[in-house]
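Please read these notes with the model open beside you.

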Amino acid sequence: MEEDFAPPSSKGAKRAGIYDQPPVLLKDVEISEASRLKTGIAELDRVLGGGLVPGSVVLVGGDPGIGKSTISLQISNQLTAKEKTVLYVSGEESVAQTKLRAQRLGAHGEKGKLYIVNQTDLSLVTEYIRQLKPDIVFIDSIQVMFDTSIGSAPGSVSQVRECAGVLTQLAKSTGLSLFIIGHVTKEGTLAGPRVLEHIVDTVLYFEGDRFSAYRILRAVKNRFGSTNEIGVFEMVSEGLKEVANPSEIFLAERPQDVSGSLVVSTVEGGRALLVEIQALVSRSNFGYASRRAHGFDFNRLTLLVAVLEKRIGLALEAQDIFVNVAGGFKVEDPACDLGVALAVASAFLDRRVLEDTVVLGEVGLTGEIRSISQALIRLNEAQKLGFKQCVVPANSVKGLKEGNPGIRLIPVATLKEAMDVVIGVPAGKK
């Protein structure tokens, strides 16, 4: 799409000099631990790395209706309760609409100063920030903001890049914390230029089906903490509710005595989560067998099916195979490979898996089971939820016994060994 070119304005020259600190020697730089501000939402603080850093810029993305504006108002309410001044800039809703949503969420802003404005003009927004001197600013959303000095329409590459750049510089120079909400495209990436993700300090994505009750908040970039942490929320009528024990939630509706269902453990940052892998295998009625994966990498599923065909001898070439991670969760951990492979085999053979068992292991192309990382915290989580035994790679057993996880370990070296141990009883029979 073509855009009108506007020559740099004199206002742009002033922005270039917003950082007025001269160069200094590295050995003379004094550093101190940044005083993080707790948002009052523990799951969010976990993802941010322990809290909100003054002067940081956080970009929040996600599908429409998944909860970006909801959590923004909840954060605003929590921070005003700490006597912080918050400015919420709503470019897509009127002040009255924002007020109605805030009432539904129980965000009244009575203990502090919570300002709401419906504005899309960047110059007016920056003027409000200079007048009110807020501690935290929310921009909802960056795609509707526009700078009058640029000739292109709001939402264009030039507008998004310029508006985000000006707001980021303002946050850095004044020390305020800035939350920017961004829309996503059909491909699931943030709309606008990729530079938008580069200029901010933290990028958070909401994952999950908007029609599902659960939401996953994941950091894909964080200059002040780990990008491996996740926050789990449940969408209720009063807004987003923190889920203290996600494993228990993901396994709450797991069926018993059926084939194609087993439990694996995935690690996100310092937290181990138990999730249910479901598989369904049925004879294809067409010439080309279908493969579908929800919450698991499709290419990885294809590889595991090929290993089952070649190394185990399962005739899956004419079978439709469907794999789902229950609860709308997405797993990328290689330690879940063995669980997916055994779930597919269990569904194909119509045999249920061993009771009260968690399965861990990465599957190689020759059918070998490779060792996994952070196995001990996975086993501790499984024991906490009442599982009695765990299938683990043989190479990982020695270190686990030294850690004394308090759960029976079943070492396996190959996929064939794992199948012999885990799958043995026809579905519905003891």
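1. Surface and overall make-up. The protein exposes about 20,700 Å², an area from the Shrake-Rupley method with a 1.4 Å probe, where for residues only the protein chains shown count as cover. Of the 430 residues, 48% count as buried (under 20% relative accessible area; exposed is over 50%, partly exposed in between; 1.4 Å probe, protein chains only). There are 13 helices and 20 strands (DSSP runs numbered from the N terminus; helices are H or I of at least four residues, strands E of at least two).

2. Basis. This is a predicted model, in which local features need pLDDT of at least 70 and side-chain atom pairs count only at pLDDT 80 or more, while totals for chains, interfaces and linings use all residues. Residues are numbered from 1 along each chain as its sequence is written, and side-chain values use heavy atoms, with hydrogens and water left out.

3. Contact range. Take contacts (heavy atoms within 4.5 Å) between residues at least 6 apart in sequence. Of these, 70% join residues at least 24 apart.

4. The sheet. Seven strands form an open sheet in the order β12-β13-β11-β10-β15-β18-β19. Pairing is mixed (two strands pair if DSSP finds at least two bridges between them). β12 (291-294) and β19 (408-412) are the edge strands, each pairing on one side only. From one strand to the next, the twist averages 30 degrees. Axes here are lines fitted to C-alpha atoms, for helices over the stretch in contact, and angles run from 0 to 180 degrees between N-to-C directions.

5. β12 pairs with β13 (residues 319-325) in the parallel sense, over 4 bridges. Arg-292 stands opposite Phe-322 in β13.

6. Val-325. This residue is also in strand β13. Val-325 counts as buried because its relative accessibility is 0%. Val-325 touches Val-275, Glu-276, Ile-277, His-294, Gly-295, Phe-296 and Val-331, leaving out residues up to four places away in sequence.

7. Helix against sheet. α10 (residues 337-349) lies across β10 (261-268), β11 (271-283), β13, β15 (357-359), β18 (389-393) and β19. The helix runs at about 30 degrees to β11.

8. Main core. The largest nonpolar core has 46 residues (a set of buried Ala, Val, Leu, Ile, Met, Phe, Trp, Tyr and Cys residues joined through side-chain atoms within 4.5 Å). Leu-308, Phe-329, Leu-338, Leu-342 and Val-344 touch the most other members. β8 (230-236), β10, β11, α9 (298-312), β13, α10, β19 and α13 (415-422) each supply at least two residues. α10 gives the most, with 8. Which residues does Val-344 contact beyond its neighbours within four places in sequence? They are Ala-279, Val-281, Leu-301, Leu-308, Leu-316, Ile-321 and Val-323.

9. Second core. A separate core of 27 residues includes Ile-139, Val-160, Leu-176 and Leu-196.

10. Aromatic pairs. The count is 5 (rings of Phe, Tyr and Trp, the last by its six-membered ring, with centres within 6.5 Å; planes under 30 degrees apart are stacked, over 60 edge-to-face, the rest tilted). The rings of Phe-138 and Phe-179 have centres 4.8 Å apart and planes at 10 degrees, so this pair is stacked. Phe-138 lies in β4 and Phe-179 in β5 (residues 177-182), so the pair ties together parts 41 residues apart in sequence. Both are buried. Ring pairs link Tyr-88, Phe-138 and Phe-179 into a cluster.

11. Backbone points to check. Most residues other than glycine have a negative phi, and most peptide bonds are trans. Asp-140 and Ser-141 are joined by a cis peptide bond, with omega about 5 degrees. Ser-141 is in the loop between β4 (136-140) and α6 (157-174). Glu-83, not a glycine, has a positive phi of about 65 degrees. Its place is the loop between α3 (68-81) and β2 (85-90). Glu-83 is exposed, at 66% relative accessible area. Asp-356 also has a positive phi, near 50 degrees. Asp-356 sits in the loop between β14 (351-353) and β15, and is partly exposed at 39%.
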